[in-house]
Amino acid sequence: MKLLNGSYAQYVNRQYQRVGHVFQGRFKAILAQKEFYLLELARYIALNPVRAGMVRSAKDWPWSSYRATAGLAEGAACLSQIFH
């Protein structure tokens with residue numbers, strides 16, 4: 001996230017003659033120690049575009065893994081890989 005945040009901020013700042021952080025205060029890391037909390041976080045993320053009125057259903061949001069995790073579509077390889 002640090003590399004992405006820094007590189008993208010430089011690009012946007014050059015492109016639009018801006019200065020400062022693009023995503024200031026937007027990225028947050030939370031440790032989910034209990035399974036029910038992890039599931040609640042996943043629901044929250046999947047339903048954000050629905051609550052914002054951008055789509056009618058979570059399955060309609062094209063930038064989500066919701067369809068794959070709900071078994072409605074084949075998932076990207078990165079959804080099933082284990083990183084060490």
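M1, L4, Y8 and Y11 make a nonpolar surface patch of about 440 Å². Such a patch joins nonpolar side chains (Val, Leu, Ile, Met, Phe, Trp, Tyr) within 5 Å, from residues with over 30% relative accessible area and no salt bridge; a salt bridge is a side-chain nitrogen of Lys or Arg within 4 Å of a carboxyl oxygen of Asp or Glu. This is a predicted model, in which local features need pLDDT of at least 70 and side-chain atom pairs count only at pLDDT 80 or more, while totals for chains, interfaces and linings use all residues. Residues are numbered from 1 along each chain as its sequence is written, and side-chain values use heavy atoms, without hydrogens and water.

**Helix α1**
- Y8 belongs to helix α1, residues 2-15 (helices are DSSP runs of H or I with at least four residues, numbered from the N terminus).
- Y8 and Y11 are three residues apart in helix α1, about one turn of the helix.

**Exposure**
- Y8 has 37% relative accessibility and therefore counts as partly exposed (buried is under 20%, exposed over 50%, partly exposed in between, with a 1.4 Å probe and protein chains only).
- Y11 is also partly exposed, at 44%.
- W63 is exposed, with a relative accessible area of 67%.

**Aromatic pairs**
- The structure has two aromatic pairs (ring centres within 6.5 Å; planes under 30 degrees apart are stacked, over 60 edge-to-face, the rest tilted; for Trp the six-membered ring is used).
- The Y8 and Y11 pair is tilted, because the ring planes are at 35°, with centres 6.3 Å apart.
- W61 and W63 form an edge-to-face pair, 5.1 Å centre to centre with 70° between the planes.

Technical notes. Patches are made of residues with over 30% relative accessible area and no salt bridge: like charges are joined within 9 Å, nonpolar side chains (Val, Leu, Ile, Met, Phe, Trp, Tyr) within 5 Å. Accessible areas come from the Shrake-Rupley method with a 1.4 Å probe; for residues, only the protein chains shown count as cover. Helices (H or I, at least four residues) and strands (E, at least two) are DSSP runs, numbered from the N terminus.
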